[in-house]
Amino acid sequence: MDAAPDVLEASQGGFAELNEANGRGTAALPKVIVDDAPKFDLESYIANYTGRTKFDRLFLIGTCSTYLSGEALKAAIGEAKAGKDVARYERAVRALGEAAPAEKEAVLDREWVDRMLKTTKAETDRLEHELRGYKNNLIKESIRMGNEDLGLHYHQIGDLVAASKSYSRMRDYCTTPSHIASMLFKVINVAVERGDWLSVQSNVQRLRSLQSKPEEQAKLQPKMSAALGLAQMHSENYLEAANNFLATDPSLAETYAEVLTSNDVAVYGGLCALASMDRGELQRRVLDNSAFRNFLELEPHIRRAISFFCNSKFRPCLDILEAYRADYLLDLHLQRHFPTLLSRIRTKSIQQYLVPFSRVTLDAMAKIFAPTVVAGSAHPLDLHSPFVQELVRLIQDGTLNARIDLEKAVLVATQTDRRTEIQQSTLDSLRRFRQEAHLRLLRTSILQAGLEVRAPPGERKKGLDERGGDRGPRRGIV
Amino acid sequence: MEELYHRLLSVPAKQLCSKSTLEDDYDSQLCDLVAYLRQLLGTLDSGISFDHQSQWPDPSIHSVSYLFMLHFQILFTQTRDKTKFPEDLFPGKALWAKIVFFLRNFDPFQISYVGPEWCRLLEHVKLAANAVLKPFVAVKLIREAIIRLDPSSSYLTPAHVMFLQLCLQTKSHIEALPIMDKHICNIPESTEMIYSKQRAVASLQHRMRPTFTIAESSLSNVLTYRDYLQYFSYGAMIYMVLKRWGDALHFLNIVVSIPVTSSISLIMVDAYKKQILASLQEHGKLPALPTTVTLHTKKLLRSLARPYVDLADAFEALDTKRMLDTVGKYRKVWSSDKNRGLVNQIVDAFHSHLLLSLGKTFAALNMTDIARLDVGEEPEPVVIRCIMSGALHGSLVQSGSAARSSMLRFTEKSVPFPVSVEEHIQKQLLEEQAALGYLHSSLWENNGGLESTAEFIQNMQRRQKTIDRVQKGSPILVEGLGNEFQLDEDMMEDMD
């Protein structure tokens, strides 16, 4: 293990690390750099979390934010040193070395690394030995606990694959539903860290189908919903994600701090709902949802954004989201999805804005959806201005049912004659059916008459002789 | 001679026969006559001349005899003048007049016994008209004859293929429509089969058992897959000339979806190329091959029509430069495939397609913007051409000052009276309904044919055996015979 820390890093890495690896390796997922200062206070923000997600979050902030990099990375190093994961410590030191080489924490503590490697190695051996002993004795409960200890240990030293294997091995030795539930949650937590969202989803399903008492189930519900919502969000299934976050019970509070907090549920749920639901649904299912209100109270600006959207005040809504852009881009789970979510919300706003109009000036629209462009350019509504190009894209992919009139600088809603359209489509489908029927009828006739295309007997023989020789494209043609 | 003449007049048209003549008798009498005349025609070297006008019977009563007399006469004049096209046969001459008279008055039922000879007569008509460089005279005559023999024109005959070829040759495209617009639904195994089947249908109406007689027929009269492919390819070409792209596409679809064993026909490749061009013209995209086409055939067709597929890709991408490059790159291919004219039309279609797609996004925009959106050449003439040709609904507004370019405003398709549009659509719906009804009846006819094939009967026997084995003693369910033959269940059982 100590021989190849780099290999371990790749195999064990959670998705935060993967992101970083991708950023280094390919151009497909460039590393997000945030220059603006976020609105949160780092210390109080990170104090909400426990466990390994703390380091992941600090490391992400440290590598992505230019404003907080030193502070966050130093905290990350401290966090790593408090644990047993050597690879993360080395990674954090390297990152700090790049960001602020002058800091005294930027120097690798060789002595600690060696000592920790030795300790963890010894610990691994001890636990594995113990487990073997339990297995020989065939005591179910001991084997379960032995696996659990080993899994916990692997998780702590950052060997996530081995950890999830150990936890999964507990399955056969669980005797009560509560054992199974705790085992599944451990597997889920490791899967969340690994970014294996499929595994999260399947394990949540297993939890759901667990035969346990209703009160037990109620206790598990908030964590289950939150985990499933997270998995759905990462699978870009935003509507489902929103549904799951909205169904999360407020009793979640701080019980799931090793993965996410109630504040996160509010933000993720709010943004996913904004991006995927229409105004009526938002009002009914988000704002009037008394359970979710508890979450929203933690993040009042999300609540404000949603209510602005519901009241068709799109500019303030977008303004709020823009204002918190830095915060969201520095969030472990939201970073990859925020641009998509924002553009969806924007598209939906444009769509909703156009509903009452049959024609609207581009100027009025630009004031709401592209104020900076209007202010900064001499010809704000030229064909090549970004705002008009955005509209063109939306029209071409069928999102907006309207046309741009560049002479009068207005957007005209397309009026369709439903009656004629339906008549025409009926006629078309009838025609298609008739032609298909004719085709099939002729086919049976041909087959019946034995008129299939076949090579003349002589050529056929010749063709067989040639087989294996010339395989040019002309073969098989008569 | 006397005996022959007597023989010729022995079997008159059916409706003139005495009622005592049984249907079977009539059939065998006619068959005997045909066999005798065929044998005579085969053994004669110099033909027979019927010089006296009085010797010629009424063609509507003695159609078979009249047809053979024409053949005897043609053979006679051919040997007399020692030429393949004797002068007597030319339009305007005596023999030609007789042929015309016959083709307009023959009795379809009788002629159904002598299909090959009838086709040969049409061949003579075509060649004679060609010989005097007046092929057009033959067009109408042949068309009338085809429709007279089979008003529904649902059987493909060699005459059909010959007719379309003649229409293409004489550029009389519209003349071909009455034949082409009828659906060909049946393909006979041999021409003899056509007529005998038709006879069977006719006799079915008289509640008589059908008699299928596949007489030996000369080779030239057996339909091959080539005739079938040619008929639909020619038809597609005619439709393309008339710019009825949808119908042309359907015909080409028929060509490329012919069942194949191991090889494909070059006609299919040619048709696929044309299909791509027609589809670009009509829909602006690569045509989807019918689902009945096998994967192997699809691959083969695609690989053989590579330049055309490239052209379609460029067209679909709405990329002007790539489109024009592709057209230029494969110039030789278009020429050698004789598709240059079509490709030129595609370039025009591409421009109007491009403008139409702009019209979906914009309500109005000026020429400089269109030029920047890459329409290729100077946009204004292109736009004007498209508006003039009716491909694009829009208007150009030129501004007063020279500095500003003119503005193109896309307008909705102008509908003067909605009522007239609805009427038009209703008319088309009724037409489709009629076509479907026709297909439906052909389907039944075809089904009947299939049910009497050896394979079907064998299959049924096999199934009966298995059913027998499975449920011994219980009544056998026979599919296709309707529900009345099924087990008589106790309907009231559930009601208790």
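How do the residues of the lining of the second largest cavity divide into nonpolar, polar and charged? The structure is a predicted model, in which local features need pLDDT of at least 70 and side-chain atom pairs count only at pLDDT 80 or more, while totals for chains, interfaces and linings use all residues. Residues are numbered from 1 along each chain as its sequence is written, chains are lettered from A and ligands numbered from 1 in the order in which they are written, and side-chain values use heavy atoms, with hydrogens and water left out.

The lining of the second largest cavity holds 7 nonpolar, 2 polar and 3 charged residues. Here Ala, Val, Leu, Ile, Met, Phe, Trp, Tyr, Cys and Pro count as nonpolar, Asp, Glu, Lys and Arg as charged, and the others, Gly among them, as polar.

Chain A contains 25 helices and 3 strands; helices (H or I, at least four residues) and strands (E, at least two) are DSSP runs, numbered from the N terminus. Of the 478 residues in chain A, 48% are buried, that is, under 20% relative accessible area with a 1.4 Å probe, protein chains only.

Helix α7 (residues 110-137) of chain A has 28 residues and should span 40 Å at 1.5 Å a residue, and its end C-alpha atoms are 41 Å apart, which agrees. The expected span is 1.5 Å times one less than the number of residues. Buried residues of α7(A) include Trp112(A), Met116(A) and Leu131(A). The buried residues of this helix pack against α5 (69-82), α6 (86-99) and α8 of chain A. Just after α7(A), Leu138(A) takes a positive phi of about 60°.

Asn147(A) lies in helix α8 (residues 140-157) of chain A. Asn147(A) counts as buried because its relative accessibility is 0%. Leaving aside residues up to four places away in sequence, Asn147(A) touches Leu131(A), Ser166(A), Arg169(A), Met170(A) and Tyr173(A), where contact means heavy atoms within 4.5 Å.

Notes: Buried < 20%, exposed > 50% of the residue type's maximum accessible area, 1.4 Å probe, protein only.
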